[in-house]
Amino acid sequence: MERKPVTSSNIASIGYDENTSTLEIEFLNNTIYQYFDVPQHIYDGIMSADSHGQYLAQNIKGVYRYSKV
């Protein structure tokens, strides 16, 4: 999955696979998490958010299943 770099104090890059609805987030500490069954509009939302980390905390964490890669 190709991730796009973002400007964030916590997140290095974000990617999305629309075929599997998987959101992938690479943090600045080099950990990578995949979130599953994430709709396209959530990916669009995090990419356009003023704060990627805040969007992640409010709309993704605790909502979608995830796994550390």
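Trainee: Which residues are linked in a network of salt bridges?
Mentor: R3, E24 and E26 make up that network. Keep in mind that this is a predicted model.

Trainee: What makes side chains pair like that?
Mentor: Side chains of opposite charge can pair when their charged atoms come close.

Trainee: OK, how far apart are the closest N and O atoms of E24 and R3?
Mentor: They are 2.6 Å apart in that salt bridge. E24 sits in strand β3 and R3 in strand β1, residues 3-5, so the pair ties together parts that are 21 residues apart in sequence.

Trainee: And the salt bridge of E26 with R3?
Mentor: There the N to O distance is 3.3 Å. E26 also lies in strand β3, with R3 in strand β1, so this pair ties together parts 23 residues apart in sequence.

Trainee: Is E24 buried or exposed?
Mentor: E24 is buried, at a relative accessible area of 7%. E26 is buried too, at 18%, because the cut-off for buried is under 20%. R3 is partly exposed, with 25%.

Trainee: What else does E26 touch?
Mentor: Leaving out residues up to four places away in sequence, E26 touches R3, I11, A12, S13, T31 and I32. With S13 there is a side-chain polar contact of 2.7 Å.

Trainee: Where does strand β3 run, then?
Mentor: Strand β3 covers residues 22-27.

Trainee: Changing topic. How many salt bridges are there in the whole structure?
Mentor: A search finds 3. One of them joins the side chains of D37 and R65, at 3.2 Å from N to O. D37 is in the loop between β4 (32-35) and α1 (40-48), and R65 is in the loop between α2 (52-59) and β5 (66-68), so the pair ties together parts 28 residues apart in sequence.

Trainee: Is R65 buried or exposed?
Mentor: R65 counts as exposed, at 53% relative accessibility.

Trainee: And where is E18?
Mentor: E18 is in the loop between β2 (11-17) and β3. E18 counts as exposed, with 60% relative accessibility.

Trainee: Last one. What does UniProt list for residues 7-64?
Mentor: The unreviewed UniProt entry gives "domain: KTSC" for that span. In the model, residues 7-64 are 29% helix and 29% strand, and the end C-alpha atoms lie 23 Å apart.

How values were computed:
Residues are numbered from 1 along each chain as its sequence is written. This is a predicted model: local features need pLDDT of at least 70, side-chain atom pairs count only at pLDDT 80 or more; totals for chains, interfaces and linings use all residues. Side-chain values use heavy atoms; hydrogens and water are left out. UniProt positions are given in the numbering used here, feature names are shortened, and annotations may be inferred rather than shown by experiment. Helices (H or I, at least four residues) and strands (E, at least two) are DSSP runs, numbered from the N terminus. Buried means under 20% relative accessible area, exposed over 50%, partly exposed in between (1.4 Å probe, protein chains only). A polar contact is a pair of N or O atoms within 3.5 Å; within protein, one must be able to donate a hydrogen and the other to accept it, and residues adjacent in sequence count only if both atoms are side-chain atoms. Contact means heavy atoms within 4.5 Å. A salt bridge is a side-chain nitrogen of Lys or Arg within 4 Å of a carboxyl oxygen of Asp or Glu.
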